[in-house]
Amino acid sequence: MHLLHLDMDSFFASVEVLDEPALAGRPLVVGGSVERGVVASASYEARRYGIRSAMPTAEARRRCPDLVVVRPRHARYGEVSRQLLELLERVTPLVEPVALDEAYLDVRGARWCGDGVASLAAQLRTEVREELGLACSVGGGTTKLVAKLASKAAKPRPSAPGVAPAGVPRQGPGSGVVVVAPEDELAFLHAHRARALPGVGPRTADKLRRYGVDSVGDLALVELGSLVRLLGRAHGTLLHDLAHGDDPRRVEPSRVAVSIGHEETFAADERSRDRLASLAREMAERVASRCRGAGVAPRRVTVKVRFGDFTTRTRSRTLPAVLATGQALGAVAADLLDELPPGPGVRLLGVHASLLVPRDEAAAGPEQLSLFAPPGDPETGADGTQRREGVEAAADAIRDRFGAAAIASLAATARRAGAG
Ligand SMILES: [Mg+2]
């Protein structure tokens, strides 16, 4: 349940309404000229008339004489799409855009952002609404296939645009968020028409129907050999795997994250150096954990402090080798914090990691880690670092399985242990 698929609702049409609020509530399509063009995007008000993407504009006009037809402004959609991508990359560096209005997110590295994937998905949807002024639907699952079908299931219904009908559960159809629990994924998948699978077009759907295969569930009952005879080796194997929930596609980020950070604003200004230092260490662990989730390790640490009067100061340090553990990252952060006296009180504290290096590259040179300390040092030498890295990775796995609350922060534990 670590993959999200986010899909903007009637993206082009919604951007047009955003920029021209007088169009709100009107049946509207973005598309080419009435004579020869087709509909690129239709508002939910237009969809009530049965108007769909790829329908000739002339036909859409026949179905709805009051239809507003707007010429596409691709530069503007690209601009909004870039804003969306920036927002998503603040949640996790593992974002794969698949269209201007669609992206997959691997949120394993974003485990700190809430109480599980469903709440993260809901929060994401709220942020898109507040920052971009646009609606989207979010689906979640353990595979791209399920996440994509889930976001489709979350879409608003054209009959009641923008309003969830009474009695629809918060995570039900039209709710904007559907996260499928791992144990429900097969049933969810099997309830779909075979046509919902990638690679099943009208022709394949026809062939399958002649075999008595209508749903994905029907498809799952067909033996691999029969599917291969019917559709060929590659296609048959693919559909067989998908029907069994087997989708090995990973999220392939389009670009490398620049930084991973964590910030907190305090309810009351914080003045204690010790307290701030221990908060910085805890944040460093969260940052290190997200770095591990993203498969990277940082070489640069930045501490950011905003004071009660809203002045902001930062301190950074670049290291000769990567910081593989939260402990190491926290030590540098606490050190940097020493250069920023809390003075009249600290309103916000942040710890950021940058110069991110893929972990497998960093691991290729384990001798690099020993730059921090003599190799013999059991705590911080190469052996100690690797041991510590193992301990923290195990904690990540426990959090993934049982939630953040199941395990106290290692820094907090260490503090308690130290205290008594
Ligand atoms: Mg869309």
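How many of the 10 residues of helix 6 are buried, and what does that say about the helix? Nine of them are, so helix 6 is largely enclosed by the rest of the structure. Its close-up comes second below, after a quick overview of this predicted model.

**Figure 1. The whole protein, before zooming in.** The protein has 420 residues, and 38% of them are buried. Its secondary structure comes to 17 helices and 12 strands. If you count contacts between residues at least 6 apart in sequence, 62% of them link residues at least 24 apart.

**Figure 2. Helix 6, wrapped up by its neighbours.** Helix 6 covers residues 144-153, and nine of these 10 residues are buried. The buried ones are Lys144, Leu145, Val146, Ala147, Lys148, Leu149, Ala150, Ser151 and Ala153. What do they pack against? On the strand side, the partners are strand 1 (3-8), strand 6 (102-106), strand 7 (136-141) and strand 8 (177-179). Two helices join in as well: helix 7 (185-190) and helix 11 (233-243).

**Figure 3. Helix 12 meets helix 13.** Here we look at helix 12 (residues 273-294) and helix 13 (residues 326-337), whose axes come within 8 Å and cross at roughly 140°. That angle makes helix 12 oblique to helix 13. The crossing is right-handed. From helix 12, the residues taking part are Leu276, Ala277, Ala280, Arg281, Ala284, Glu285, Val287, Ala288 and Ser289. Helix 13 answers with Gly326, Leu329, Gly330, Ala333, Ala334 and Leu337. Sorted by class, the residues of this contact are 10 nonpolar, three polar and two charged.

**Figure 4. Into the largest nonpolar core.** This core has 91 residues, and the ones touching the most other members are Val29, Leu105, Ala280, Leu329 and Ala333. Helix 12 supplies the largest share of the core, with nine residues.

**Figure 5. Helix 10 against helix 11.** Helix 11, one of the packing partners of helix 6, turns up again here. The axes of helix 10 (residues 224-231) and helix 11 lie 7 Å apart, and the two pack at an angle of about 135°. The pair is therefore oblique, with a right-handed crossing. Helix 10 brings Leu224, Leu227, Val228, Leu230 and Leu231 to the contact, while helix 11 brings Arg233, His235, Gly236, Thr237, Leu239 and His240. By class, that gives six nonpolar residues, four polar and one charged.

**Figure 6. Helix 1 across helix 4.** Helix 1 and helix 4 (residues 74-91) have axes 10 Å apart and pack at an angle of about 95°. The two are therefore roughly perpendicular to each other. Which residues meet? Phe11, Phe12 and Val15 come from helix 1, and Arg76, Tyr77 and Val80 come from helix 4. Of the residues in this contact, five are nonpolar, none are polar and one is charged.

**Figure 7. Two residues with a positive phi.** Most residues other than glycine have a negative phi. Ser10 has a phi near 30°, a positive value in a residue other than glycine. You can find Ser10 in the loop between strand 1 and helix 1 (11-19). Is Ser10 buried or exposed? It has 27 C-beta neighbours inside 10 Å, so Ser10 counts as buried. Leu355 also has a positive phi, near 50°, but its place is in strand 12 (residues 346-358). Leu355 is partly exposed, with 17 other C-beta atoms within 10 Å.

Figure 8. Staying with strand 12, we come to Arg347. With 20 other C-beta atoms within 10 Å, Arg347 is buried, as the cut-off for that label is 20 or more. The C-alpha atoms of Arg347 and Gly308 are separated by 5.2 Å, although the two residues sit 39 residues apart along the chain. Not counting residues up to four places away in sequence, Arg347 touches Thr265, Phe266, Asp269, Arg306, Phe307 and Gly308.

Note on methods. Residues are numbered from 1 along each chain as its sequence is written. This is a predicted model: local features need pLDDT of at least 70, side-chain atom pairs count only at pLDDT 80 or more; totals for chains, interfaces and linings use all residues. Axes are lines fitted to C-alpha atoms, for helices over the stretch in contact, and angles run from 0 to 180 degrees between N-to-C directions. Helices (H or I, at least four residues) and strands (E, at least two) are DSSP runs, numbered from the N terminus. Angles under 35 degrees count as roughly parallel, over 145 as roughly antiparallel, 65 to 115 as roughly perpendicular and the rest as oblique. A crossing is left-handed if the near helix is turned anticlockwise from the far one by less than a right angle, and right-handed if clockwise. Two residues are in contact if their C-beta atoms, placed from the backbone, lie within 7 Å. Ala, Val, Leu, Ile, Met, Phe, Trp, Tyr, Cys and Pro count as nonpolar, Asp, Glu, Lys and Arg as charged, and the others, Gly among them, as polar. A nonpolar core is a set of buried Ala, Val, Leu, Ile, Met, Phe, Trp, Tyr and Cys residues joined through C-beta atoms within 7 Å. A residue is buried if 20 or more other C-beta atoms lie within 10 Å of its own, exposed if 12 or fewer, and partly exposed in between; C-beta atoms are placed from the backbone.
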